[in-house]
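Visitor: Could you take me through this structure, please?

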Amino acid sequence: MRRLRLCAVLAAGLLSGPALAEDEGAAFDIGADAFRAGRAVALERPGTDDLFMAGETVSVTEGISGSAHLAGREVTVDAAVGGDLYAAGERITLRGAVSGDATLFGRALRVAGVGGDLRAAGSELEIDGPVSGYAMLAGEEVRFDAQVSGDVSLAAEQVDWGEAARIGGQLTVYEKTPGTLEVPEGVAPESRIARREVEDWEGPRPPSWHRAVVGFLLGVVGIAALGALIAALVPERLAEMRRQILDRPFHTLWLGFVTQSAVIGAGVLFALTLIGLLLTPAMALLAVAGGFAGYVVAAYAFGVGLFLAFGRDEPRSIGERSAAAGLGALVAGVIGLIPFLGWLFVLALVLTGVGAITLRVIRPAFFVGDE
């Protein structure tokens, strides 16, 4: 029972720790550009040029004159965007007009007016506002109820043509069996319709259960393989980091948060100078590489914690360590599918692993022992 409680405390700590930090959020403005991050973030400041936002829920309620770069589980744009829009999320809703191009990727997408080109891929895709340029659309279920002035490239399993659907240019349809999709004459005459095999599609692809499952399993196998490789090359160091995570999850979580914040913040500060601007990509790469390494270490520790919780001994062989890493990656991946809490859990795993790596670097003799 003590080991079960240990594993439960670890999971609870990983979930609750970042939740407190994310409630505060982060905001940074430079010139007329705005940067926002947090659990629930919104732009309400007028006079913004370019906008960068990321969070669980992201909303834009005040118009901007430049481009918008948005990422979150639920992204909502209720105001005008004067430049281009780039958005990724589980659900994206555009009610405000976009003067430039719009590039969207997610599960459920709803798009109003776009003054430039539209590139969108989603499982459920709804176009109910005019598009002045071309449109490249990929989805499982597409609701098309708007006018597109330019060409349209469309790859979809099912299309619902609305009364307002009109295509001014060439319509290229990508199908499993060319000729099966019915296109009303009022949308585009047959003379302006080209039909292709779906395998020829070169645009963005919508989310697919098959690709998602295969990608998920490949990710689990990859994490297990990396965990086993690290355990084989540096077993003592991995054991130290694993024990630190299981014994002091809150401490390593906080240290990981500070470390990643310092790296990302340094990249932003470097960008403020002409010479240091050259180092910004390196800092971004360091943050990504560190986060990935942290996830591998934390997933392994989580897997070992589950082993201990169910009465198993500490893994000692390469096979047992691979199994622990795979179990941690599998359970963490499944938890990551839970809306909101899953995203926080994965984020906490990453930060906890980064914290353990940081401790190992700055205190190499903190632990003594081997698995």
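Visitor: What should I know before reading the values?

Guide: This is a predicted model, in which local features need pLDDT of at least 70 and side-chain atom pairs count only at pLDDT 80 or more, while totals for chains, interfaces and linings use all residues. Residues are numbered from 1 along each chain as its sequence is written, and side-chain values use heavy atoms, with hydrogens and water left out.

Visitor: How many helices and strands are there in the protein?

Guide: The protein has seven helices and 13 strands. Both are DSSP runs numbered from the N terminus: helices are H or I with at least four residues, strands are E with at least two.

Visitor: And what share of the residues counts as buried?

Guide: Of the 371 residues, 44% count as buried. Buried means under 20% relative accessible area, exposed over 50%, and partly exposed in between, with a 1.4 Å probe and protein chains only.

Visitor: Which residues have the most contacts inside the largest nonpolar core?

Guide: They are L70, L104, L118, L137, L154, W161 and L171, in a core of 47 residues. A nonpolar core is a set of buried Ala, Val, Leu, Ile, Met, Phe, Trp, Tyr and Cys residues joined through side-chain atoms within 4.5 Å. Another core, of 27 residues, lies apart from it; among its members are A299, A324, A325 and A332.

Visitor: Going back to L137, what is it in contact with?

Guide: Leaving aside neighbours within four places in sequence, L137 is in contact with L118, A120, L125, I127, F144, S153, L154, A155 and W201. Contact means heavy atoms within 4.5 Å. Across the protein, residues 24 or more positions apart account for 31% of the contacts with a separation of 6 or more.

Visitor: Which residues of helix 3 are buried?

Guide: The buried residues of helix 3 are L238, A239, E240, M241, R242, R243, Q244, I245 and L246.

Visitor: New topic: which residues make the nonpolar surface patch?

Guide: L226, L229, L233 and F292 make a patch of about 390 Å². Patches consist of residues with over 30% relative accessible area and no salt bridge; like charges are joined within 9 Å, and nonpolar side chains (Val, Leu, Ile, Met, Phe, Trp, Tyr) within 5 Å. Helix 2 (residues 209-233) gives the most to the nonpolar patch, with three residues. L229 lies in helix 2 and is partly exposed, with a relative accessible area of 45%.

Visitor: What does the whole accessible surface come to?

Guide: The total is about 17800 Å², of which 62% belongs to carbon and sulfur atoms. Accessible areas come from the Shrake-Rupley method with a 1.4 Å probe; for residues, only the protein chains shown count as cover.

Visitor: How many salt bridges does a search of the whole structure find?

Guide: The search finds 15. A salt bridge is a side-chain nitrogen of Lys or Arg within 4 Å of a carboxyl oxygen of Asp or Glu.

Visitor: Which side chain meets D160 in a salt bridge?

Guide: D160 meets R143, at 2.9 Å from N to O. This pair links distant parts of the chain, with D160 in strand 10 (residues 152-161) and R143 in strand 8 (residues 135-144), 17 residues apart. R143 also forms a salt bridge with D145, at 3.5 Å from N to O. R143 counts as partly exposed at 29% relative accessibility, and D145 at 22%.

Visitor: Which residues are linked in a network of salt bridges?

Guide: D29, R36 and R45 are linked in such a network.
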